[in-house]
Amino acid sequence: MMSWTHMVVSAIATSLILETADPVTLTVGAIAGLLPDVDISTSIAGRVLPWLSNWLERRFPHRSCTHSFVASTVVGVFAYGSTLLTERNFLQVAHALTIGYFFGWLLDMFTKTGVEMFWPATERYVCPGNRKFRIKTGSSVEYTLLILLIAIALLVFNINASGGLMRQFNRLIALPSGVEELYNQSGATHLILTHIKGIRNIDRGKILGDFTIIESLGESFIVQSQEGKIYKVGLDSNSQIISEQITADIGPTATTHVETLTFDDEELTSKLEQFNREGAKVFLSGQVSIDDADEVQYIADPYEFPFIKISGSSLNLENAPLMTVMNYFSNQYATGQLEIKIINIQNTSNA
Amino acid sequence: MAISAIIAVNGVAPVSFVAAFCGGALVFMPRTSSPKTSTQTPSSTNEQAIPSEPESEVIETPVVPSFRLYRQNELRRILASLLANSSILVAGEEGSGKSVLANAVMEKLKNDGFTVAYIEPTTPKQMLLQIAEQLGVETGSLEGRTYTAERLKIEIAEFFQENIAFVVIDDCQNCDARFRLWLKQLKKTRALMLLLATNPPKTDVFSNIPSMTLKQLPEYAIREIMEQAAIERGLNLKNSDLAQLQERAGGNPMLAIRAIDEEYLGLDIEAADHNRYVDSSPLILIAGVACIVLRVLGMSTHSHALYLISGIGAALCMGLSRLLYHLPKESRRIRR
């Protein structure tokens, strides 16, 4: 096999197994793919390590001892051994070295002459058994294969650079489970933006847009549109948006924390005022009783999630935006407990 | 949707990809000079080879027919067996060095003063005549008529009743069945035979006498044989060339010399004819099975990533192994 083929295959294997697109790791993997050919002084590895290659080529046939599980073990022991000595700073590099080396010689199994896989046993392992279908080094078949491999490499690196295979797969199948997985993975540190294609439950109108996840309710989500409206997205009948396709992306860095506020016949606004800051999304949940329910002017938007429910003097909130509560219940005195969820968005990164 | 998803992933990737391959390209820089040197080697060796000018240091000793027998253990064992009144069959693949070994055995026996008859398969009558002549048995009547085959058989059998002598039969698998049956009967007299056969069947005389098989020669022996062959042909081969040619020898001295011959003639050959090739397609099946096991593990631990990746791996490996299974078998004939 040509050096390029070795490098591309080892880089693909490294990228797939380690699920990484880190250039350093991939380069180490690719270079490690060239190392098995150190048993011949005309190869790249042989020219870099002339002493070793001269020693080996005087004693062994090409593709024998360096193309075996024994050699792979030696490389593994060397790689992980030196990692242990350097306080495990290079674990990823050690992985890449071992994987790259292994796939470097394994690929030669498909050549005409095969490899002595179980060296010191001298059987040469080939695949397939019929030599007519094996690959001749530098042949047009190998160049075709190389082009194919480069295409696969581009795809694999791309997938791994943008969050790994699972995220791309979730994006492809566009099911709520994939969004939930991403939300569970990165929801603590980042805002999760969803792209939803679906229909409005109330009038079957088409919905297509980007929303921010506020809360996950199993298979459905409470999301906020860019206009600040709150919806429940899911497949069940009490959702405002019935999703057909839902995919998620990691948004700007954001931290979420929850506090409990206790009201003992206190004015709502005075206590909530402090949370009204720029760059924070604040939502209230819980039940309080208000003193003057008759004065409340609030009318719920039927298209939206019913985040505010009033029955008698009791005010039920579920992910109600702070501003809405402050607008409509500014001069109310409340008694009870509210849970306040604050999502602080850092504007340093813009996705 | 699928296409849009793939297009949509173009984020950080191109940067890292380019970086990875820039690193790769640096490694490739010295490569540019290599194809010239590597293509020069075979042609230049060939040009040197035909006029055979001993100008370089490797060909300092051009005419050294320093023959060395690497199968000393086998030689000792065969001699011991023959001298202990037991015939022996030496089996081995083509070119494994049976004839060379037989010559060494004969030389040793003759030096020790024994009578040795050596034959190669021809017609039964001819073979019987050759044996009789070499053993010094009468082959014809006083009137000058040669005996019939039946008479020769009796004469030879009688000879062995009274004398100690050895019969060496090379390529014995090519003798016809009736001749081999006679050999089996001859064994009942005190005839001592060294039979040499390429992959003999487990029948008649072959199953009747103890046999030993010749193993492949160790790599150092093959390398020395190749170096010797190269010197004899005036080829100046570097260690790297020898290492690559040795891949085609597979522990078989005949193939080792053939590889040197092919290099001498400038033939572009990569695969060899030795019997060391093992089809590793079952390993792909094993990898597929391992993927299925992982998939079950992924399923039971609700690890979507493991489930998905091992599923893809299993499908690819099983499909590939099925495909390999259906590929036509290799032709036993010499053709492209």
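Q: How do you know that strand S1 of chain A and S6(B) pair?
A: Two strands pair if DSSP finds at least two bridges between them. Strand S1 (residues 124-126) of chain A and S6(B) are joined by 3 bridges, so they pair, and they run parallel. One of the bridge partners is B:Tyr277 in S6(B), which faces A:Arg124 in the bridge. Strands (E, at least two residues) and helices (H or I, at least four) are DSSP runs, numbered from the N terminus.

Q: What kind of model is this, and how is it numbered?
A: The model is predicted: local features need pLDDT of at least 70, side-chain atom pairs count only at pLDDT 80 or more, and totals for chains, interfaces and linings use all residues. Residues are numbered from 1 along each chain as its sequence is written, and chains are lettered from A and ligands numbered from 1 in the order in which they are written.

Q: How many residues does each chain give to the contact?
A: Chain B gives 48 residues and chain A gives 53 residues, where two residues are in contact if their C-beta atoms, placed from the backbone, lie within 7 Å. On the side of chain B that touches chain A, H2(B) has the largest share, 9 residues.

Q: What makes strand S2 and strand S5 of chain B edge strands?
A: The open sheet of chain B has 5 strands in the order S2-S3-S4-S1-S5, with parallel pairing. Strand S2 (115-119) and strand S5 (211-213) each pair on one side only.
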